[in-house]
Amino acid sequence: MTAAASITRSSGGRIAGSAKPRLQLRALVVLCCVLAVFATITGRLLWLALKSGPELKVTLAEPLARSWSRPDIVDRHGRLLATDVAVHSLYADPQLILDLDEVVEKLGATLPGLDTAELRKSLSDRSRRFAWVARGLSPRQAQRVHDLGLPGVAFRAELKRAYPLGALAGHLIGTVNVDNKGIAGIERMLDETSHVEAVQGPGRTLRSPVRLTIDIGVQHALAEELKQAVSRYAATAAAGVVLEAASGRIVAAVSLPQSDPARPADWLDPARADRLMSGTYELGSIFKTLTIAMALDSGAADLDKTYDVRRSLTAGPYTITDPHPLGRPLSVRDIFLHSSNVGAGMMALEAGAERQRAFLARLGLLEPARIEAGPMAPPQLPKQWGRAETITIGYGHGLSVAPLQFAAAFASLVNGGSKVVPTFLAESGSKTEREGVVSAATSARLREILRLNVTNTAGTGRRAEAEAYRVGGKTGTAEMPGRGGYQEKVVISSFIGAFPMDAPRYVTLVSLFEPQTGEGPGNHITAGLNAAPATARIIERIAPLLGILPRRIETRALETAPFDAPPAAQ
Amino acid sequence: MRRAINWVLMLAALAGAFALYAIKYDARRLEAKMQAQERALEKAENDVTILMAERAHLARPERLEPLARSLGLAPMTGGQFLRIESSPSPLVGEGRGGGDRRTSAAGIPPTPNPNPSPHRVEDAPSARWGGEPRQ
């Protein structure tokens, strides 16, 4: 019993003794397997993380996918001038293209205007993984390309600027490049003032629209009337601006021929340059307004002071005469009405070069000016400001300024004498205290002679009278400099005016470049016969849009009304 | 007893797995739905932008002017302005405190306006044009 028990114990002990290491071995094998699996997974993860990192980075930060989201541009009444729309752009991965000839041939046939030679060249480089084929396709074009089913080409949605109004207000809106980045005009200003935001793909960012001071209705009326004036008087170009006399907000600004923001190439064409802002011109007799304002403001003359304009003025080798001398001394009023060069020259001489220069500087005409649509062309000053220059600048030659800069200076003179800075942005009309340039009394006397120049039968601006809107203004016919001096038949004829003249609210400047004819018999090209009547038509058309009432209505001229008012019940 | 607990635990594990599966697919479905709605929103936003641009394009003055002229319309002229007092329209004075020219339907003479404004006519255009009142 004891022996059996001991055998059993010893066999049991033997059994237990041999199973333990086997179990341990098994556990070890399983553990190793599990560890190997985990090690493999960890290794793979590490390998993926280290090896695939750069590839991922390239995909995410690919600069080609970047686009610029821009705020909408609207006019003063909120009408849309420019907006971003999502369009399809076609690109290709040259490595994935199977048949290069087929792709080039089919795309060339589907997208007219595609440079197939250039496309073949860019797609031949198999080391590249990306090449643009065409940007900004219309939905219909994109569908047609999609239907071709070409491997290796694909679409990417991106933002593109759309200008629903075409070339109207094109010069001031400016344009953008293929990446939606502003390169001219207000568009460029938006980039410079960080109104735009880089986005991936077609995502628009929510930004409030940029409101301009332009009124599309007035802008169109001005453009149409200028186009008619260009064809009526056979001019090569024209420019016109309407601005608020008190605040300098520009209601309409047109330069013909216009530039279309949808065609950035227009900005490279010198014939389409903006004549209001990017060109400087000698504007001629409209400068006499400034000379007379200077004389009146300094107290050197009043409207009745007479100057003996019978003798011609000499300045070095030049002799200045009046084209239509009256043969009698003229008062300041008459000098203005008859636009006497000699008279204006005498008044400028009387003030002297220093005072003239200081006065023009106060009006801001000697400094380069800047507006939201970009820097204006800097004024061209004479090299030396001597006697001859004083006289010629007195009647508008020898100093070239951008027409818009002149219009702003004129607005400062007629609005009661506070300096005007022209602006295109609705919110920037500053309410701050404005610098005075002339006294209110001088401004009132100027308004008187400006109005007289239109109402008086002898006034050069009499054809600018517009149906009871009380226009006042000054004509200017400036010969343009050419090879060998001024050219007699090549002129810029301008009319600077304001209305209603008793309390001017709007200033207009109309300039016709190289007109060949004018109103009335004989092909006279003086401003009184072309720029002045063109201004009258413009004002007749825009005054109702701007809410200016004709005098007949304003003075309660009931008896002239077409209907008899019934007697009021008393 | 132990066996019963094991069964319960196994069933609970199965139910848990099933619930997890269901929730996962539900989340996936919701995610897909959200993405679809985001895409729809983006598309709707794009469509609105394009429609607004198209509306502005169709309403451009360059296009409207010839259409209006073909209907016999023309730009406003100064001669078309009329003082409201001289207008024979029956609307004169309604709601403006100026009902001095009309007799009510019952034949009662209206109360005369004690302070007829000499500039009343000017309110109307400014209001209509949204411009500033005349200086």
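Where do E65(B) and R69(B) lie, and how many residues apart are they?

Analyst: Both E65(B) and R69(B) belong to helix α2 of chain B (residues 61-70), four residues apart, about one turn of the helix. This is a predicted model, in which local features need pLDDT of at least 70 and side-chain atom pairs count only at pLDDT 80 or more, while totals for chains, interfaces and linings use all residues. Residues are numbered from 1 along each chain as written, chains are lettered from A in the order written, and side-chain values use heavy atoms, without hydrogens or water.

The two residues form a salt bridge (a side-chain nitrogen of Lys or Arg within 4 Å of a carboxyl oxygen of Asp or Glu), with the closest N and O atoms 2.9 Å apart. E65(B) is buried at 14% relative accessible area, whereas R69(B) is partly exposed at 39%. Here buried means under 20% relative accessible area, exposed over 50%, and partly exposed in between, with a 1.4 Å probe and protein chains only.

Salt bridges that share partners also join R70(A), D84(A), R161(A), K181(A), E187(A) and D191(A) into one network. Over all chains the count is 33 salt bridges.

One of them pairs E244(A) with R76(A), the closest N and O atoms being 3.1 Å apart. E244(A) is in strand β10 (residues 237-244) and R76(A) in the loop between β2 (73-74) and β3 (80-92) of chain A, so the bridge ties together parts 168 residues apart in sequence. Helices (H or I, at least four residues) and strands (E, at least two) are DSSP runs, numbered from the N terminus. E244(A) is buried at 10% relative accessibility, and R76(A) is partly exposed at 23%.
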